Amino acid sequence: MHLTTRLKTLTIFFLVLAMFGLTGVVRHRTKSASLTTASVTLSNPRLSFRGALNTGNSVGSSVVAIKTSGIGHTSLSTAQLVQGDTVLIGNGASLGSYTVAATNPAAEFTLSAGLASGDVEEDDDVVATQSGTLIARFTTANAVANGRFRVLIPSVASDTDAADGIPDSDNFDFSNSAPTVTCPSNADTTYDFVTGTATASAITVSGQDYHSYECAYSGTGAVGSPFDGSTNDYILISNIINPAPASGHSTGTADSHALIIQHLDSSFAVQDDVGIAVGVIEAVKVTATVDPTISFSIAGVASSTSTCGVSTDVTTTAAAVPFGSLSLSAFINAAQTLTVSTNAVNGYAVTTVANDQLGLNGGTCTGDATTASCIRDSAGDNSLMSHTTSDEFNNTATKGFGYSIHNADANTVPFQYTTATGNCSGTFCARQFADTEDSAQAAQTIFSSSTVADSENINICYRIIPTVTNSAGDYENYVTYTATATF
Amino acid sequence: MLKKFATNSRSAVIISWLIIAAGFLLISNPALAQNKPPIDLKITPPTYYVAIEPGKSYTHRVTLEQEGSLPLLISASFVDFKSDGISGQPVLDTAASFPYLRFISPEANDQGQFTLNPGQKQQLAFKIEIPNDAHEGEFPLTLLFSARPNSEVIVGGSGSQVSATIGSNLIVNLNRLGHDRGDLQIEDVKTTLIHDSLFPLSFTALARNEGQNATTATGSAQITDYQGNILAEYQVYPDMILADSQRQLRSVSGEIIIDKNLDPTQISKHFLYDQPFLIGPYTFSLTLSKNGQYPDSSTTITKTVWVLPYSVGAIFLILLGFYTTYQIWFRKFSKKQFWS
């Protein structure tokens with residue numbers, strides 16, 4: 001073969017070789033990219049609490065004073081805590097478990113039980129963990145065969161502290177019980193995932209330690225595969241303990257934490273990655289300013305108002321039901337409006353009781369007296385009415401004093417004027433007031449709720465008609481309405 | 001001239017509307033003021049738990065506000081209460097057996113009375129001082145504030161005088177050791193032994209606290225079929241159960257997070273399982289922790305019920321009865337026709 005031809009052949013050969021080499025280099029360089037449309041969401045973005053006891057806490061006391069400055073821990077206010085939170089108090093491996101009852105003021109909170117011995121020393125830990133699930137979504141940038149996706153979550157450097165179940169300032173704790181990594185359910189030639197794995201404080205990137213959560217797969221991989229919970233499943237990590245506030249944390253401003261999602265090849269080399277920021281914040285800032293309360297009001301009702309199926313005859317005030325001159329042949333009807341609001345989660349109850357029957361000039365009426373100087377509690381049209389049993393009170397031949405209820409929007413009433421069961425036919429179903437003079441009859445509930453209430457109200461309707469044997473004069477008694485929260 | 005007239009007319013119209021608008025404002029403001037009820041009390045907190053060691057003292061504070069329109073004379077007192085045994089409603093006694101509490105607000109006179117004006121918010125203090133030799137125990141109290149208008153109420157003729165009382169519950173636990181000594185036991189699980197296939201399964205659970213302080217109900221429940229498959233899971237709603245009392249347990253679905261954002265409508269007084277058609281045996285299993293501090297110490301109760309389609313059977317029998325009756329009547333009618 002001519003030398004020239006050989007040289008040409010060799011040149012071409014080496015050029016082709018170089019081309020393949022360059023291509024390999026270029027291909028290698030074009031492999032490294034960012035995962036796209038990546039996001040991380042926390043099911044519970046509340047900060048964990050890690051504070052310290054102040055001086056003055058004592059065994060048996062349910063009042064806990066915490067330090068608000070000058071300590072290594074960063075939870076310096078009870079604003080992070082809410083009623084019902086579980087807190088661990090103590091030191092080292094011995095932490096007592098308690099339930100938060102109230103969190104006011106900022107340097108103090110109360111428990112549902114007293115502090116135990118060993119949990120009262122100054123600088124003892126006060127810990128309330130907030131944990132939840134983390135969802136990582138992303139889209140692949142390259143097809144990586146037999147690779148794995150890895151989510152890195154910041155941790156403290158100490159392996160012991162990183163997985164002790166105690167919140168760390170500005171870092172996530174691995175928890176002292178193994179978290180669950182739920183990988184996508186793909187099982188085809190492109191992606192076939194195995195069970196996820198989690199390792200505490202396993203990876204260091206640029207001097208920062210990270211917990212590692214991995215989903216490995218076999219298959220070819222693909223470009224632009226969205227693991228978004230729609231096309232493919234996302235990666236779900238459970239039981240992560242949220243950080244305690246970062247140093248210098250400002251209440252109401254989220255602490256930002258940088259997570260990393262990586263796409264690794266079969267040699268554990270990072271092919272693609274993306275950094276994601278997630279914010280953790282007090283969730284209680286708004287609700288901490290809302291105190292639990294109960295409100296109760298009484299208002300008068302004007303005459304000629306339609307309520308309880310009748311038109312009222314007299315105008316009442318909040319403190320008085322002035323029947324005026326009583327008729328022997330017709331009922332006198334009157335009403336008042338009672339209203340309750342509460343944000344106590346278990347609701348409220350309103351009860352009523354009278355001191356006695358209506359006595360002449362406020363005199364005592366013993367028992368269910370039917371004397372000339374007492375307007376008795378009505379026995380009802382069927383003679384079955386009591387302070388606990390309803391009866392119709394619609395016949396003017398039935399003398400006495402009773403009440404009914406017109407329910408506007410109270411959650412629960414024991415009866416109302418339209419009740420048509422038992423002894424009542426639904427015209428004016430009524431009861432007697434409980435009478436403390438008569439065998440100390442217990443106050444009776446007239447309306448209630450087992451949950452929060454927003455201006456729930458009823459009209460209480462009074463009805464009276466004296467007997468012909470009642471002496472002339474003014475008859476009086478006292479009625480008390482009591483509102484309390486259900487505990 | 002016409003132009004001047006038009007300008008003047010336009011101005012007159014504008015001024016007229018302004019006067020009418022001002023009139024509405026003047027009329028509406030007094031009406032708004034009159035909407036405030038005369039007595040409208042608000043108290044914080046509605047319920048409070050405090051544990052104290054004998055030999056120690058504690059000052060409890062409540063805030064009372066008159067949001068109504070009248071100056072009020074308030075009388076402060078406190079009484080014992082018991083749980084109603086079902087829903088956590090306090091049943092007030094007429095007296096108090098707890099001797100270590102006293103009302104110390106300087107605003108009040110010797111009878112515990114003070115004035116509360118409209119819009120006024122008053123913080124009131126109660127001192128609890130426990131002697132060293134006090135017996136341990138739990139003392140549920142209600143601090144009561146009775147209100148009447150701070151002027152003589154004149155009732156012309158016969159009438160009833162009315163007072164509004166608002167209460168704040170205070171549960172005091174005297175406890176030397178500080179441990180949660182609540183001891184919840186499942187008192188009973190109520191249901192019918194045989195259920196109908198077309199109606200939901202319903203279970204009602206009652207828990208009793210045999211311990212020495214109020215504690216939180218903590219637990220879970222599930223319903224399984226005859227093969228042991230879990231059909232429904234529930235969480236016990238964390239209601240407080242006082243010492244030596246009982247309370248009906250409430251349930252929340254196992255999938256719902258119980259926190260401050262929980263919708264109250266998701267809390268049920270029963271453990272319900274509602275499916276279109278059920279048949280066969282079903283088992284209800286309830287586990288309740290002894291108390292909030294030691295959730296791992298618990299008791300479990302199970303109940304098996306049978307679900308049968310007896311309403312379907314009853315409907316079938318009724319229809320069969322109608323059909324049989326019709327057949328008998330039709331034959332009789334046909335015979336009559338034949339012989340006639």
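1. A place to begin is strand 19 of chain B, where Ser251(B) is the bridge partner of Val236(B); strands here are DSSP runs of E with at least two residues, helices are runs of H or I with at least four, and both are numbered from the N terminus. The model is a predicted one, in which local features need pLDDT of at least 70 and side-chain atom pairs count only at pLDDT 80 or more, while totals for chains, interfaces and linings use all residues. Residues are numbered from 1 along each chain as its sequence is written, chains are lettered from A and ligands numbered from 1 in the order in which they are written, and side-chain values use heavy atoms, with hydrogens and water left out.

2. Strand 19 of chain B pairs with strand 16 (residues 230-236) of chain B in the antiparallel sense, over 3 bridges; two strands count as paired if DSSP finds at least two bridges between them. Both belong to an open sheet of 6 strands in chain B, whose order is 12-22-21-15-16-19 and whose pairing is mixed. Strand 12 (194-196) and strand 19 (251-253) of chain B each have a single partner strand, so one side of each is left without a neighbour in the sheet. From one strand to the next the twist averages 30°, with axes fitted as lines to C-alpha atoms and angles running from 0 to 180 degrees between N-to-C directions.

3. Another open sheet, made of 8 strands, draws on both chains in the order 27(A)-30(A)-22(A)-18(A)-1(B)-3(B)-8(B)-6(B), and its pairing is antiparallel. Its edge strands are strand 27 (400-407) of chain A and strand 6 (101-103) of chain B, each of which pairs on one side only. The twist in this sheet averages 20° from one strand to the next.

4. Within that sheet, strand 18 (residues 294-300) and strand 22 (residues 332-342) of chain A run antiparallel and are joined by 7 bridges. Ile294(A) has Thr342(A) in strand 22 as its bridge partner.

5. Chain A as a whole contains 2 helices and 31 strands. Of its 487 residues, 51% are buried, meaning under 20% relative accessible area, against over 50% for exposed and in between for partly exposed (1.4 Å probe, protein chains only). Among contacts between residues at least 6 apart in the sequence of chain A, 72% join residues at least 24 apart, a contact being heavy atoms within 4.5 Å.
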